[in-house]
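Dear colleague,

I am passing on to you the structure shown below, together with a short account of what was found in it. Please read the two side by side.

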Amino acid sequence: MKLTLSWLRDHLDTTATVEEIAAALTDLGLEVESLSDPAARLASFTLARVTHAEQHPDADRLRVLRVETNDGEKQIVCGAPNARAGLVGVLAKPGDYVPGIDTTLGVGKIRGVESRGMMASERELELSDEHAGIIELPSGEVGQRFVDWLAENAPEKIDPVIEIKITPNRPDALGIRGIARDLAARGLGTLTPLEIEPVPGEGPAGIGVTIDPSLKDKGCPLFAGRVIRGVTNGPSPDWLQRRLTAIGLRPISALVDITNFFTYALNRPLHVFDMAKVQGDLVIRPARQGETLLALDGKTYTLRPEHMVIAADSGPESLAGIMGGEESGVTGETTDVFLESAYWDPITIAATGRALRIHSDARYRFERGVDPAFTLPGLELATRMILDLCGGTASEVVMDGAVPDTRRAYRLDPARFVNLVGMDIPPERQRETLEALGFTFEGDMASPPSWRPDVQGEADLIEEVARIASLTKLQGQPLSRPRPGVPQPVLTPQQQREGAARRMAAALGYNECVTYSFIDRESARRFGGGGDAVRLENPISSEMTHLRPDLLPGLLAAAARNQARGAADLALFELGPVFTGGEPGEQRVALSGLLVGGTAPRDPWGSRRQVDIYDAKADAEAILATLGAPAKVQIDRKLDGWWHPGRAGNIALGPNRLATFGELHPRVLREMEVKGPAVAFTIHLAAVPLPKTRSTTRPALNASALQAVERDFAFVVDERVEALSLVRAAEGADKQLIESVRVFDQFAGEKAAAQMGAGKKSLAITARLQPKDRTLTDAEIEAVSTKIVEKVTKATGGTLRQ
Amino acid sequence: MTDLATLRTAWLDRVADAADPAALEEVRLAALGKKGEVALMMRELGRMTPEERQTRGAELNRLKDEIDAALRARRLALEDAALDARLKGEWLDVTLPARPRPRGTIHPVSQVTEEVTAIFADMGFSVAEGPQVESDWFNFDALNIPPEHPARQEHDTFFMARAEGDDRPPHVLRTHTSPVQIRAMQELGAPLRVICPGRVYRMDMDQTHTPMFHQVEGLAIGRDISMANLKWTLEEFCRAFFEVEEVELRFRASHFPFTEPSAEVDIRCDWSGGQLKIGVGESWLEILGSGMVHPKVLEAGGVDPSQWQGFAFGMGIDRIAMLKYGIPDLRAFFESDLRWLRHYGFAAGDVPSIEGGLSR
């Protein structure tokens, strides 16, 4: 919403400066987005008189002027045809910034003749597009500031323009008068009275208006208008054109400019039909399926019954409350017009405008809510202006419907204000504030004015009082703690351990990423997602169409981008939501880590090697430990399709899958353009059981004083026997005595097969025996060892390696 | 009788002259070995009278001890010399690189979320979370944004696709974390203090917008919590978060459907030299929106507005991270450029805390 200071002053009698007004507007909730003050741009220019003008010795079109200035006589080279002795104009000196040519002047030489400044044209000073010659002033003294001269002789030319961001609750502020009312309530002047003198109609309109009964209750409560005959629709007067131009509107013709004037001045959109092009009476009715309308924006709209039109015999003439039709629009030849002023239902207008994607000043205002009570007064004021500017005679007013009853009242409780806002504003001041905004009182019940559809409760009264009083004055008051003393922890165990897992991942060397929750369909499909339930109806790009089923697609895409930039070794992780469906709550938190390339840069110690699944497994286990997962878990191979079928595993507690680790499927890597090797893990944080009871007490340490004994065994087994089955079998040999069993060597591959037979490998384990009450005898150790060999042999079909 | 004094001098000289451990061992055997000179002299004691034996025995023992001590001292000296000689040859290039230890980083969004959490936790706010796919009721209606409200259009909402025949209004990707406030009220009732951090989504992508970003909202409900309490809470938050002595906030009236009165909050700052300083200067920077919870919103949360009142606020986590840490481009937050992650990320050990400070 744009306005000029002088336009504002039509409605507000004030001595405040434009800066004061701008500051107050922002503070009132009418945020000033820009303030353009031409006077500030023109401050340095002064008046000067040309005393001599001679032909430039070296250029036909240039003249050399001698100019009398407040700083003595200067020589200036000038190309303007009107530059001549005796002319009083506007001087820009070296050092001055000239806005119209975006240049700071220096002392120049033009075709060999020195020039100390310039005599400016209107365009060079951004006063108008006039550039035929330099400015010639009819009055003024040499040395006088140009802005002072303008203020005295042409104040409209230095009229400041203010642009305001209007929040959706303030339709009244979409008219300049509404803005003036806020400023008056704040105390920055007084609201000037708005005289409404009805124009008596001369004779009947000769056209009927009817609202279809289906629309009277909601779509169009009130439609009014009158015919004005014998108008001349030429250009509007300068003052009106200047105002519209100043706020960015293009003057079109007197009639159109008048409707725009009322739209912006009083938030009263109007429409004029050319009577010569309207056949029959006007009916406000739902559009018929498939009807079309060529609107004023030059586009043809195909309509449906939920759209509302103003129709004549020939069909729709206007999209009600949104945009007029091209056919019945006024032109320079128009002589008889129908001037419409109606009240349209905001919801209907919003729905129609949205469906047809039409943006117009009328839609913008009607969908936020114009003042229904001003429908008829607005018609009278506009009639008056048309008669004044275009001539003609006005008929009687024709109308259907009635001003909707918006009366309502809410209790103003001054104590509640103080309690809620924490500002001490006396009751009488609160009441005065509301009255200044147009509220009326019966006892302590405040009725909002008809132009404030946003006021719908007691809380709105409080907001108005606070806004006008200025929230800038609000002083902070300490918020007491919910309980005295040391604050209690607030994070849930799940939140706490999520944080710990994130820090552990970083400690393990991974860089945390935050990638988008939506990915492309192909990537989603590769990871078990990409269905319609998780599809976005209106994605912002084809790369972001589906909610992610997994974190790895995002990390792989990040890896590919980094590889393209030359980063070969990557350790990336993300902790965030993944989506199992499209209903609220069908999401869970996962943590995925991705390792690509080498484990380390090349160094003298040979630290560099390619990452493998045991790196991913180690990191997954470290993070699971941080999450409090039990040490004893199962590992299975019921793998999702994006893992390498033989080189990945799930870490599980029975059917409860805690994590997956391993190599990614080579096809997935190829499709996602990641150069391998790439290993990864995914941890399902919520699947890791939380401790059942929370106690700070640790179990007692049971550290035996007796020496533990370690015994090593090597078994020859089939190459696909899993080490864990061997360890579990050995552990089972004597649960009391065997403290732990660990794999310490594997001998597999071709050499092993050559030694031990095709398809065989050797696994070596060490068992740690911890006696509890006395030192073990050799015989006892021997007995346990035998048992271990038996158990392992039985469980794995292997043999002790000789 | 050999003169013991002469003998002593002779042996001690030989000990001192031994050039290496082997020579020293020879001396030891020759002097104190089973067949060594001192041992042989000890044997002669048996042939002496008891008186003589007593005197002579004591003298010999003393001599033995003295030689033994000299031998030990000499051995230590020889060992030290040998060690010194060995160390002269032992040299490693200490400027060679160490064995690599990987160094990970925490993303600024996570770090700043923890910072915000630490501050509000101290003021008694817990952390509430909720679904990111939301029903339009939780995202809009419950927040006093009815279907036809113009504010709905201004939210640039992402909608979930609806299967044919499913006539429910489409779910949305939450446009703010406010629905979590409703869920928290429904679940926990009043009094209540929560912050709601998390991902939010808007259909907007340009220089300064990304279709996903992060918000933290706060909600405090009590019997007499006022807008003045809101201002103090935000002042305390900003002072702690930006780690400055003083901040100055300016409340400006504004409009949000879910709060009334509503205020945009500006913070006093200085941009001179292209660097942001909070708390000083002549500029104002809009950092958050806030207000007193609208009675209809309390009702939607199942809280009786005639008994309870409170405030709510919301701000961009990415945005305050950019302001605090001088990060220039929002889009880079989600691009996972390793150089960016390392440069703007935080060490695993940099856990923000009230007592230790939020940042290093």
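Strand β37 (residues 656–664) of chain A is largely enclosed by the rest of the structure, because seven of its nine residues are buried. A residue counts as buried if 20 or more other C-beta atoms, placed from the backbone, lie within 10 Å of its own. Helices (H or I, at least four residues) and strands (E, at least two) are DSSP runs, numbered from the N terminus.

This is a predicted model, in which local features need pLDDT of at least 70 and side-chain atom pairs count only at pLDDT 80 or more, while totals for chains, interfaces and linings use all residues. Residues are numbered from 1 along each chain as its sequence is written, and chains are lettered from A and ligands numbered from 1 in the order in which they are written.

To return to β37(A), strand β36 (residues 643–653) of chain A pairs with β37(A) in the antiparallel sense over seven bridges; two strands pair if DSSP finds at least two bridges between them. Leu653(A) stands opposite Asn656(A) of β37(A). Two residues lie between the strands of this hairpin, and Gly654(A) there takes a positive phi near 60 degrees. β37(A) also runs antiparallel to strand β38 (residues 678–684) of chain A, joined to it by five bridges, with Thr660(A) opposite Thr682(A) in β38(A).

These strands belong to an open sheet of seven strands in chain A, in the order β30-β33-β34-β38-β37-β36-β35, with mixed pairing. Its edge strands, β30 (511–512) and β35 (634–636) of chain A, each pair on one side only. Within the sheet, ten bridges link β33 (residues 570–579) and β34 (residues 587–596) of chain A in the antiparallel sense, and the bridge partner of Phe573(A) in β34(A) is Gly593(A).

Chain B contains twelve helices and ten strands. Of its 360 residues, 44% count as buried. The C-alpha atoms of chain B fill a box of roughly 130 × 55 × 45 Å, taken along the principal axes.

In α11 (residues 317–325) of chain B, the buried residues include Ile317(B), Asp318(B), Ile320(B), Ala321(B) and Met322(B). Among the elements covering them are α5 (108–122), β4 (192–201) and β10 (309–316) of chain B, where contact requires C-beta atoms, placed from the backbone, within 7 Å. Gly326(B), which follows α11(B), has a positive phi near 65 degrees.

With kind regards

Conventions:
A residue is buried if 20 or more other C-beta atoms lie within 10 Å of its own, exposed if 12 or fewer, and partly exposed in between; C-beta atoms are placed from the backbone. Two residues are in contact if their C-beta atoms, placed from the backbone, lie within 7 Å.
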